[in-house]
Amino acid sequence: MSEQIRQPTPSVVPPPVPPPGRSSWLLVGAGLGAMVAACQLAVLIGPLLGAARQALGLTATGLTTVVVAQLAAIVSGFAAGYLLGRRAPAAVTGSALVLMLLGAVIVAFSPSAAILTIAVLPAGLGQGAALGAGAASTGRAGERRAQARLALGFALLFALAFGALLGWFATRSLSWRLACLATVPSVVVGLFAVVVIAVAASVRGTQAGR
């Protein structure tokens, strides 16, 4: 009788699953960051661009360059935010909000079309990264993944509508520079909230692991 030599099957170690309470906190933080990003994006692509074009003397080609640069930054940021946001949503969201804050300030004080083109890059990267992290975080919702994605979708639609109204009102009533700076408080509050939520999630995860 011939003996069959069985090769040992390698043991498959499943990826670590964060505690449910920690996942919920991280989902809230990433979703909040995505809402702030959607709001700022709606402000920057609304009437603000037309007013900035007149103030800085942008040509049609220059305006197209600004829009294309921002869209390219958003797409790049979304890809990076989605990939990295699965592992560290809080860190990605916090970094994205810092970029958004930096971009908003530089855009508001841009003295020329060239500076404006450069200024939309960090803003676009931050917006895309925050949106990507928000989308990736819904995968941590487990069985409620579909509900989480639906809720995030409605929240983003609300943020886009609010941002469009804010941008239109601030641009018409004040100036395009102040309209851009009007997004700064929401970014600062969002950044503070994300930090607090990340700390709470860490504490909740530590308690759950005991």
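User: Before we start, what should I know about the numbering and the model?

Analyst: Residues are numbered from 1 along each chain as its sequence is written, and side-chain values use heavy atoms, with hydrogens and water left out. The model is predicted, so local features need pLDDT of at least 70 and side-chain atom pairs count only at pLDDT 80 or more, while totals for chains, interfaces and linings use all residues.

User: Why is Thr-93 called buried?

Analyst: Buried means under 20% relative accessible area, exposed means over 50%, and partly exposed is in between (1.4 Å probe, protein chains only). Thr-93 has a relative accessible area of 0%, so it counts as buried. Thr-93 sits in helix 4 (residues 89-108); helices here are DSSP runs (H or I, at least four residues), numbered from the N terminus.

User: What does Thr-93 touch?

Analyst: Contact means heavy atoms within 4.5 Å. Leaving out residues up to four places away in sequence, Thr-93 touches Gly-29, Ala-30, Gly-33, Ala-133 and Val-194.

User: How do you know that the buried residues of helix 2 line one face?

Analyst: The buried residues of helix 2 (residues 47-56) are Leu-48, Leu-49, Ala-52 and Leu-56. Looking down the helix axis, they fall within an arc of 95°, so they line one face of helix 2. The arc is that of the directions from the helix axis to the C-beta atoms.

User: What makes Phe-78 and Tyr-82 a stacked pair?

Analyst: Rings of Phe, Tyr and Trp (its six-membered ring) pair if their centres lie within 6.5 Å; planes under 30 degrees apart count as stacked, over 60 as edge-to-face and the rest as tilted. That rule gives 2 aromatic pairs. Phe-78 and Tyr-82 have ring centres 6.3 Å apart and planes at 15°, so this pair is stacked. Both lie in helix 3 (residues 60-85), 4 residues apart, about one turn of the helix.

User: And why are Phe-158 and Phe-162 called stacked?

Analyst: Their ring centres are 6.5 Å apart and their planes are at 20°, so Phe-158 and Phe-162 are stacked. Both belong to helix 6 (residues 145-173).

User: Which residues line the second largest pocket?

Analyst: Among them are Leu-32, Met-35, Phe-158, Phe-162 and Gly-190. The second largest pocket holds about 160 Å³ of space. Leu-32 is in helix 1 and has a relative accessible area of 28%, so it is partly exposed. Leu-32 also touches Gly-190 and Ala-193, not counting residues up to four places away in sequence.

Conventions:
Helix = DSSP H or I, 4+ residues; strand = E, 2+ residues; numbered from the N terminus. 1 Å grid on protein atoms, 1.4 Å probe; cavity = no way out; pocket = protein on both sides within 12 Å on 5 of 7 lines; lining within 4 Å. Points joined across faces, edges and corners; volume = space filled by probe spheres on them.
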